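Colleague: Could you take me through this model, one point at a time? I will ask, and you answer.

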Amino acid sequence: MRLHKFKPAWLLAPAVAISMFFTSCEKSPITLALHEPIYPTGSQAVTYTLTKVTDGDINSAKLYETVSTINSSGGITSAGSEVEINSWTSPAGDLSFSKPSGYGNNKLVTYRFEVVTPEQTKNFRVTFATRPYPVANMAAPIYTQGDPDDVFDLVFIPDNDISNMNDFYTHCRGAILESFFDEPKLRFWRRQFNFYINPLKGTATDYDRISTDGTHQVPSNNANISWAEGRVLMHQNNLRDYASGGLFSTEMQNRGTILHECGHAWFDLADEYGGGSHWEEADYPNNWPSLASAQAAGGNYGSCKSDADAVEMDSSGWFKLCVDNCQMKATGLNHTTYDCPCQYRINHAILDNAIN
């Protein structure tokens with residue numbers, strides 16, 4: 001039985017699980033809504049963008065905002081009303097609008113792009129907090145879209161080796177845009193993810209030095225963020241990164257490593273290299289304990305895979321169907337993509353998370 005996760009006091013729980021059905025029938029153009037900076041101070045201007053990922057016409061678009069005031073307990077003390085702040089008619093390319101003045105301190109901002117295309121009307125609603133977040137020892141929402149019970153949540157944790165927090169904030173936005181919203185399968189499900197920034201630091205350790213340095217050191221407020229399926233220590237030092245349950249590490253600029261480790265934390269995907277962590281999930285695995293079982297699974301993916309794709313991972317005694325550049329084998333600066341068996345597992349995990 002799934003336990004219900006922490007819900008911020010300010011969260012109004014829309015029927016977010018329904019967004020998966022919207023996503024599944026979304027027509028072109030596919031678009032990405034994002035704001036910058038991702039975690040602004042109360043005085044910083046904020047720029048909103050709607051980027052076209054695929055070709056297609058937009059007949060018209062509107063941008064709305066709702067600004068509310070939040071107190072130290074996480075409650076809304078002044079609920080704002082939604083107002084239109086910009087509109088576009090027959091835009092040729094990407095949409096962009098900058099709000100020149102900041103929103104002020106202790107604010108929650110929800111913006112909504114309403115996009116009318118020749119085939120449908122689409123709405124993209126995102127909430128973020130201004131900095132500093134007034135709720136002590138709680139992670140601040142920087143890009144949230146739905147009820148934490150229905151979507152996957154990731155908390156970015158600054159490592160103690162980070163001295164320039166503005167760099168950290170920039171890389172948090174980069175991970176959202178250049179990893180999660182750039183990998184094709186995750187972009188398809190982009191409305192099923194929430195992102196937060198933790199106010200307190202932790203310390204990532206090197207996998208090869210666990211015996212001497214110990215495992216990852218969690219921030220002192222870890223109990224307040226343990227509800228998130230993913231908690232990532234973003235560091236600068238050159239370490240061999242690893243996951244331990246939902247807690248994992250990555251160099252903050254590595255767009256491939258964060259997707260690999262989130263594959264473990266969010267979707268229960270196993271490693272696809274010899275010497276990694278191997279297991280067989282009951283539903284839609286990406287590892288098999290014998291050549292015969294991997295070959296038998298090869299016919300489950302239509303034309304994507306066949307029994308001929310089954311190979312052993314080095315001499316580990318474990319077998320896979322995915323290609324060698326699948327994200328569950330790759331890590332590093334640039335991300336690759338999840339191959340077909342991993343995609344099936346991701347679909348299953350996201351649907352199961354939303355409906356259970």
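Predicted model: local features only at pLDDT ≥ 70, side-chain atom pairs only at ≥ 80, totals over all residues.

Modeller: Residues are numbered from 1 along each chain as its sequence is written, and side-chain values use heavy atoms, with hydrogens and water left out.

Colleague: How many disulfides does a search of the whole structure find?

Modeller: A disulfide is a covalent bond between the sulfur atoms of two cysteines. Here it is a pair of cysteine sulfur atoms within 2.5 Å. The search covers the whole structure, and the count is 0.

Colleague: How far from C322 is the nearest cysteine sulfur?

Modeller: C322 is buried too, with a relative accessible area of 4%. C322 is in no disulfide. The nearest cysteine sulfur belongs to C342, and the distance is 3.8 Å.

Colleague: Which residues have the most contacts inside the largest nonpolar core?

Modeller: In soluble globular proteins, nonpolar side chains tend to be buried together. A nonpolar core is a set of buried Ala, Val, Leu, Ile, Met, Phe, Trp, Tyr and Cys residues joined through side-chain atoms within 4.5 Å. The largest one has 66 residues, and those with the most contacts inside it are F156 and F195.

Colleague: What does F156 touch, not counting residues up to four places away in sequence?

Modeller: Contact means heavy atoms within 4.5 Å. With residues up to four places away left out, the partners of F156 include I142, F168, C172, F195, V232 and I258.

Colleague: How many residues does the second, separate core have?

Modeller: This core includes A139, Y196, I225 and L233. Its residue count is 11.

Colleague: Where is S179, and is S179 buried or exposed?

Modeller: S179 sits in helix α2, residues 165-180. Helices (H or I, at least four residues) and strands (E, at least two) are DSSP runs, numbered from the N terminus. Beyond four places in sequence, S179 touches G174, R255, I258, L259 and H335. With a relative accessible area of 0%, S179 is buried.

Colleague: How far apart are the C-alpha atoms of H335 and R255?

Modeller: H335 is in the loop between β16 (319-320) and α8 (340-355). H335 touches R255, and also S179 and D182 among others. Along the chain, H335 and R255 are 80 residues apart, yet their C-alpha atoms are separated by 5.4 Å.

Colleague: How many cavities of 30 Å³ or more does the structure hold, and which elements give two or more residues to the lining of the largest cavity?

Modeller: On a 1 Å grid over the protein atoms alone, a cavity is a set of points where a 1.4 Å probe fits but cannot get out; a pocket is an open set with protein on both sides within 12 Å along at least five of seven lines; lining residues have an atom within 4 Å of a point. The structure holds 2 cavities of 30 Å³ or more. Residues that line the largest cavity include T31, F124, Y143 and R190. The elements giving two or more residues to that lining are β1 (31-36) and β8 (121-129).

Colleague: Which element gives the largest share of the lining of the second largest pocket?

Modeller: This pocket is lined by 25 residues, and D241, Y242, E261, D271 and Y273 lie nearest its centre. β13 (243-244) and α6 (255-267) each supply at least two lining residues. The largest share is 5 residues, and it comes from α6.

Colleague: What is omega of the peptide bond that joins R131 and P132?

Modeller: P132 lies in the loop between β8 and β9 (140-143). The bond from R131 to P132 is cis, and omega is about 5°.

Colleague: What is phi of D268?

Modeller: D268 is found in the loop between α6 and α7 (291-297). D268 is partly exposed, with a relative accessible area of 34%. Its phi is positive, in a residue other than glycine, and is near 60°.

Note on methods
Points joined across faces, edges and corners; volume = space filled by probe spheres on them. Buried < 20%, exposed > 50% of the residue type's maximum accessible area, 1.4 Å probe, protein only.
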